[in-house]
Amino acid sequence: MAGRIFDIQRFSVHDGPGIRTTVFFQGCPLRCRWCHNPEAVSAGPALFYSDRACLSCRACEATCTEAVHSFAGEEHRMCRERCRLCGACAEVCVAGALEFSGRSATPEEVVEVVLRDRVFYETSGGGVTLSGGEPLAQPAFAREILARCRTEGLHTAVDTCGEGAREALDALIPLADLWLFDVKHLDPGAHRAATGRSNERILQNLRYLDSVLRRDAGPAPVGARLVLRVPLIPAVNDTPENLEALAALIRELPSVHEMRLLPYHHLQEDKYRRLGREYPGADLVPPDDAAVGAIREYLATKAGITVDVGG
Ligand code: SF4
Ligand code: SF4
C-alpha cells in the first residue's frame, strides 16, 4: 500500500504536545482562501519556481520534453499549461530554484522516518501527527501509519479539517490519542464561501467524535483528547455572531476542554507566487494582538474552556 504525502517535518512543536514528527498528507477536499499549503490541496504533485534563485543555467529547458521552460535572454519564462508534473526539471536544477512537491510513500517508509526521533518523543512527551492536506482523505494509509506507530508505543495525533466520510473517522478513532479539529465558520453559507464547501458534514463529524470520546468503554484509546483549532480570519469568522455560535457549539461538546486560535498571517503568499497561482486571500488582513486577546478572553469566558493562541 502507498499514499501521497508532500512533507515529513521532524522536530515539529506546533502540532500537539512535545517534540513531534508531522506527516503532511497530499490532497484536501476544502479550498480555504487563506490556505497555508496550496501545494497540498490537489491530490497530485506541484512544481515551485523561485526566480530569485534561478541562475539561468537552462538545464531545465534542456531536460523538459514539454517545452515548459524558455528564455528571453536571461529571463526565464514558464508555460505551466504544458507541464505534466513529471519533476524532471527540478531534479537537474542545482540552484534549487525548481522544487517538486508531493510524492508517493508507503507506511513503512513514513514510519521509518518517524522512528528516527523516538528519543526526543520520549523525553518531551511528543509523538507523531498526521496533518495535511487531509488525513481523512486517505484513511487506509493513515490507519496503517497510526497502527504501526502505536505498536511502537508512540503518542499519535490527527490534525483534520473534519470534511471526510464517517467510515474514515471510524477507522482512525481507535488509533488517535489526540484530535486537532479545525472549525472555520459556523454558518454553512459563509463556510462554503470561505472554503468551497458547507460545514454540515464537518459539524456532524465533530459532534460524533465528541460523543465517541465521551464514552467510557468506547473505541477510542483511554484518555484520547479533542482540541479545536480555529483560524482567526478578520472579516471572515471574527464577527460577534460567529464567535457567539462558536462558544455555543463548544458548550455542546463536553469532551472539548481546549481550543487554539490561529491568527491569520500572509506568509503563504510567496508559495502561491512560486506555484504561478494567484493568492485568493490577497484581501485578507492579519488581526492585531489586541483583537486576538479580546476574542481569546471572550471565548474562554463564554465557552468555559482553555483558549490559547498559536500552534
Ligand atoms: S535549472 Fe534551475 S537554475 Fe537552471 S535555469 Fe532552470 S530554474 Fe534556473
Ligand atoms: S515537471 Fe516535467 S513537464 Fe513540468 S516543467 Fe518540469 S520537466 Fe517539464
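Analyst: Leaving out residues up to four places away in sequence, leucine 115 touches Glu152 and Leu154. The model is a predicted one, and every distance below is computed from it. Leucine 115 is found in helix H3 and is partly exposed, because its relative accessibility is 26%. The C-alpha atoms of leucine 115 and leucine 154 are separated by 8.9 Å, although the two residues are 39 apart along the chain.

Helix H3 covers residues 107-115, and aspartate 117 lies in the loop between this helix and helix H4 (118-124). Aspartate 117 is buried, at 2% relative accessibility. Its side chain makes a polar contact with the side chain of arginine 10, at 2.8 Å. Apart from neighbours within four places in sequence, aspartate 117 is in contact with Arg10, Phe11 and Thr21.

Another buried residue is arginine 229, with a relative accessible area of 6%. Arginine 229 lies in strand E11, which spans residues 225-232. Two polar contacts of its side chain can be listed: one with the side chain of aspartate 159 at 2.9 Å, and one with the side chain of aspartate 15 at 3.4 Å. Setting aside residues up to four places away in sequence, arginine 229 touches His14, Asp15, Asp159, Leu180, Phe181, Asp182, Val183, Arg260, Leu262 and Gly311.

Salt bridges come next. The structure has 27 of them. One of these joins the side chains of glutamate 39 and lysine 271, with an N to O distance of 2.9 Å. This pair links distant parts of the chain, 232 residues apart: glutamate 39 is in the loop between strand E2 (20-25) and strand E3 (46-49), while lysine 271 is in helix H10 (residues 269-274). Glutamate 39 and lysine 271 are both buried.

Helix H10 also holds arginine 273. The side chain of arginine 273 meets that of aspartate 51 in a salt bridge of 3.6 Å, N to O. Here too the pair links distant parts of the chain: aspartate 51 is in the loop between E3 and helix H1 (59-63), arginine 273 is in helix H10, and they are 222 residues apart. Aspartate 51 is partly exposed, with a relative accessible area of 45%, and arginine 273 is partly exposed at 38% relative accessibility.

A further salt bridge is formed by the side chains of aspartate 177 and arginine 150, at 3.0 Å from N to O. Aspartate 177 lies in the loop between helix H6 (166-172) and strand E10 (178-182), and arginine 150 lies in helix H5 (residues 139-151), so the pair ties together parts that are 27 residues apart in sequence. Aspartate 177 is buried, with a relative accessible area of 14%, whereas arginine 150 is partly exposed at 28% relative accessibility. Salt bridges with shared partners join Asp51, Arg52, Glu99, Asp270, Arg273 and Arg274 into one network.

Aspartate 177 can also be set against valine 94. The two are 83 residues apart in sequence, and their C-alpha atoms are 42 Å apart in space. Valine 94 is found in the loop between helix H2 (88-92) and strand E6 (98-101). With a relative accessible area of 75%, valine 94 is exposed.

The residues around ligand 2 are Cys64, Glu66, Val68, His69, Cys83, Arg84, Leu85, Cys86, Gly87, Ala88 and Cys89. By class, this shell has seven nonpolar, two polar and two charged residues. Within the shell, cysteine 83 is partly exposed, with a relative accessible area of 25%. A search of the whole structure finds zero disulfides. For cysteine 28, the closest cysteine sulfur belongs to cysteine 161 and is 4.4 Å away, which is too far for a bond because a disulfide needs the two sulfur atoms within 2.5 Å. Cysteine 28 counts as buried, at 18% relative accessibility.

Conventions
Residues are numbered from 1 along each chain as its sequence is written. Chains are lettered from A and ligands numbered from 1 in the order in which they are written. This is a predicted model: local features need pLDDT of at least 70, side-chain atom pairs count only at pLDDT 80 or more; totals for chains, interfaces and linings use all residues. Side-chain values use heavy atoms; hydrogens and water are left out. Buried means under 20% relative accessible area, exposed over 50%, partly exposed in between (1.4 Å probe, protein chains only). Helices (H or I, at least four residues) and strands (E, at least two) are DSSP runs, numbered from the N terminus. A polar contact is a pair of N or O atoms within 3.5 Å; within protein, one must be able to donate a hydrogen and the other to accept it, and residues adjacent in sequence count only if both atoms are side-chain atoms. Contact means heavy atoms within 4.5 Å. A residue is near a molecule or strand if one of its heavy atoms lies within 4 Å of it. Ala, Val, Leu, Ile, Met, Phe, Trp, Tyr, Cys and Pro count as nonpolar, Asp, Glu, Lys and Arg as charged, and the others, Gly among them, as polar. A salt bridge is a side-chain nitrogen of Lys or Arg within 4 Å of a carboxyl oxygen of Asp or Glu.
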